[in-house]
Structure formats: C-alpha cells, structure tokens
Amino acid sequence: MVTKYALYNGDGSSLDRGLFMTAFPVFDMPGEEVSHEKIPGREGTLTVHTGTYPDWKITLEFEFICDKTENYEKTLSSLIKWLKKSDQISFTDSSERIYRVKKVEILNIVRDEDVVGDFTCIFTLWPGIYLVDGFQETTFTSRTVVNHYDYCKPVYKIVGEGVCELMVNDYVMEANVGQNITIDTELMIAYRTDGTMMNTSVSGDYEEMWLRAGENDVAITSGFTLTVIPRWRIMQ
C-alpha cells in the first residue's frame, strides 16, 4: 500500500477520506494522432501531423476500511460520490500540475472483509498536463506573450463596449462586446459573465486564437481591456 501518496481533487485528499492507494497510478498518455499518406513517385509514406490527441487515462487501485460492518455500503457510496465529482486532480508529488477530468469510472468493487473494500477508479482526461498557474487570470504587460510549454487553448476575457478585434499572431477574431465577453477557444464558445451565450457576437477561427509554443503576438483594439486564462499545458 502506498500509504503517504494521495490524490487531490479540490475537495481534500484521498487520505483525508480514508482512501488508500494500493499502488502508484498507471498513466495512459497517447501521443499526437498522425496519418501516413502515400505520395506518388516518392518512396515510403508522408507523416501528416493532425495536431489532435486522444483522451488520456489514469487508473488507480484503492482500498478503504470503514469503522463498522454496517457502515460498509455507506462508506463506499460516499467515496464514490467524492471521486465522481472530480473535475481536476493532482497527486502528492506534483501538486503544481493538474489533470482535467472528463469522466470517472468505478470498477471491480470487491469486499475483502466485513469492513475492508477495494475498487478500481479510471479517470478519462483532457489530453495534457496542465500547470496550476495557467488557470490564473492574467493581464499581459507586453504584446509578446511567451509560452514556455506546448500549444494551449486559452480563455480570453474582454471588457468594453462596441466592436473590437482580438489579434493573436497573424489572425484576428472580431467581437461585438456589450460590457463584457468571454471567448473559450477550447470549447469554441463565447458568453457573458452572467452566462448569456454570445456565439453570434464573434467571428473568426477559434483555433487560430490558440497560443503556440514560444513567442506569440497578442493585442486588443484600443479602449478595451483583455485578460487571459492561458491554460498552460505540457504534452507528452
């Protein structure tokens, strides 16, 4: 049993819940999806990079002990509920890095003794290891934004009134702003802070607003303010 190694999900740790890992996590992190095309007159094939990645997965084996036989089902239910509400997770030895959760599955539930149980938990993840500081709302002090990691899909928050242009590298997205608008380039949606959808108020390609590795040129029309949640991430 890995007694001092813990999972964190923003609502405490697995150890706080009396949930112990019986082994270290197993990580399944497939790389970029590529295709191979045959080119007439050329030997071999051409590798085409798609820029897309399949889901990642982390598999955990847990054990728990409840205080009384009659509390077994209640304890199990509470632990499963706690795990399934996870939208991001981290681990003891890498708290500055998080994994964003799409789905949680609980499998292979076994009752070893009256008060002891085991089960498997599989987290299906958004591809990438995300940096904690990449989720902080940031105002860049220069047009040149340096991404020290891999390409990422930011959230742009614009405040102002009227039509403005958000410029990222050589591309432009136009937005008709009524006080504020949030542009999520990963979900490819736009909305106000009150939740009102504003997809029809923007024009342009969300993908072109992603920040590439290295230097990026980011600017906004004068008279508007821009903050960014960059979602810095590392791809394996």
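**View 1. Arg-233 and Tyr-151.** The charged end of Arg-233 sits over the ring of Tyr-151, 4.6 Å from its centre. Arg-100 lies over the face of Trp-126, at 5.1 Å from the ring centre. A charge sits over a ring if NZ of Lys or CZ of Arg is within 6 Å of the ring centre and within 35 degrees of the ring normal. This is a predicted model, in which local features need pLDDT of at least 70, side-chain atom pairs count only at pLDDT 80 or more, and totals for chains, interfaces and linings use all residues. Residues are numbered from 1 along each chain as its sequence is written, and side-chain values use heavy atoms, without hydrogens and water.

View 2. Ser-14 lies in the loop between strand S1 (7-8) and strand S2 (19-21); strands are DSSP runs of E, at least two residues, numbered from the N terminus. With 0% relative accessibility, Ser-14 is buried (under 20% relative accessible area; exposed is over 50%, partly exposed in between; 1.4 Å probe, protein chains only). Beyond neighbours within four places in sequence, Ser-14 is in contact with Tyr-5, Ala-6, Leu-7, Leu-19, Phe-62 and Trp-82, contact meaning heavy atoms within 4.5 Å.

**View 3. Aromatic pairs.** Rings of Phe, Tyr and Trp (its six-membered ring) pair if their centres lie within 6.5 Å; planes under 30 degrees apart are stacked, over 60 edge-to-face, the rest tilted. The count is 11 aromatic pairs. Tyr-5 and Phe-24 are edge-to-face, because their planes stand at 80 degrees, with ring centres 5.0 Å apart. Tyr-5 is buried at 9%, whereas Phe-24 is exposed at 53%. Phe-62 and Phe-119 form a tilted pair, 5.8 Å centre to centre and 50 degrees between the planes.

Key: Helices (H or I, at least four residues) and strands (E, at least two) are DSSP runs, numbered from the N terminus.
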